[in-house]
Amino acid sequence: MSDPPEETPSNELACRLERERPVPAPGFRGALRRQLLATAGRHEAVPARVRRLIFAYAGCGAALLFVALVGVAGAGPFAA
C-alpha cells in the first residue's frame, strides 16, 4: 500500500490558492456562455473598412521602404 503524499508548504499553498481563487458571478458566466454559443457558428467576413486599412498600412510601409532604399542607393531626399 502506498502512503498519501505529505503536505509540503508548496502543495498547501497550491491547494489554498485553488480553493480561494476568485470566480466570476454566476450571472456573468451564464451571459458570457450564451453570447459565446450565439456567435460560435457565425463567421463574419472581414469588413471592407478593415481591409482598406490593412492595404493602406502595407502601402505606406512599402513606400517608406522604397524611400529608404533610394536613400541608401545615393539618391532621393535622404541621400548622404
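Helices here are DSSP runs of type H or I with at least four residues, and strands are E runs of at least two. By that rule the protein chain has 3 helices and 0 strands. The model is a predicted one.

**Overall fold and confidence**

Along the sequence the elements follow the pattern α-α-α. The accessible surface of the protein chain comes to about 7700 Å². Carbon and sulfur atoms account for 65% of that area.

Mean pLDDT for the chain is 84. A value of 70 or more is reached by 79% of the residues. Confidence is lowest in α1, with a mean of 87, and highest in helix α3 (residues 48-73), with a mean of 92. Where pLDDT is low, predicted coordinates should not be read in detail.

The salt-bridge count comes to 1. The partners are E20 and R16, with their closest N and O atoms 3.5 Å apart. That distance falls under the rule of a Lys or Arg side-chain nitrogen within 4 Å of a carboxyl oxygen of Asp or Glu. Both residues lie in helix α1 (residues 9-20). They are 4 residues apart, about one turn of the helix. An α-helix has 3.6 residues a turn, so residues three or four places apart point the same way.

How accessible are the two partners? E20 counts as exposed because its relative accessibility is 51%, and the cut-off for exposed is over 50%. R16 has 46%, so R16 counts as partly exposed.

Helix α2 covers residues 26-40 and includes F28. From first C-alpha to last, α2 reaches 21 Å with its 15 residues. This is close to the 21 Å expected at 1.5 Å a residue. The helix is hardly covered, with 0 buried residues among its 15.

Which residues make the nonpolar surface patch? They are F28, L32 and L36, and the patch has an area of about 300 Å². F28 has a relative accessible area of 52% and is therefore exposed. A patch member needs over 30% relative accessible area, so F28 at 52% clears that cut-off.

**Accessibility of the residues discussed**

| Residue | Relative accessibility | Class |
|---|---|---|
| F28 | 52% | exposed |
| E20 | 51% | exposed |
| R16 | 46% | partly exposed |

Terms used. Residues numbered from 1 in each chain as written. Predicted model: local features only at pLDDT ≥ 70, side-chain atom pairs only at ≥ 80, totals over all residues. Heavy atoms only, no water. Patch = residues over 30% accessible without salt bridge, like charges linked within 9 Å, V, L, I, M, F, W, Y side chains within 5 Å. Areas by Shrake-Rupley, 256 points an atom, 1.4 Å probe, with all protein chains shown as cover. Buried < 20%, exposed > 50% of the residue type's maximum accessible area, 1.4 Å probe, protein only. Expected span 1.5 Å × (residues − 1). pLDDT = per-residue confidence, 0-100.
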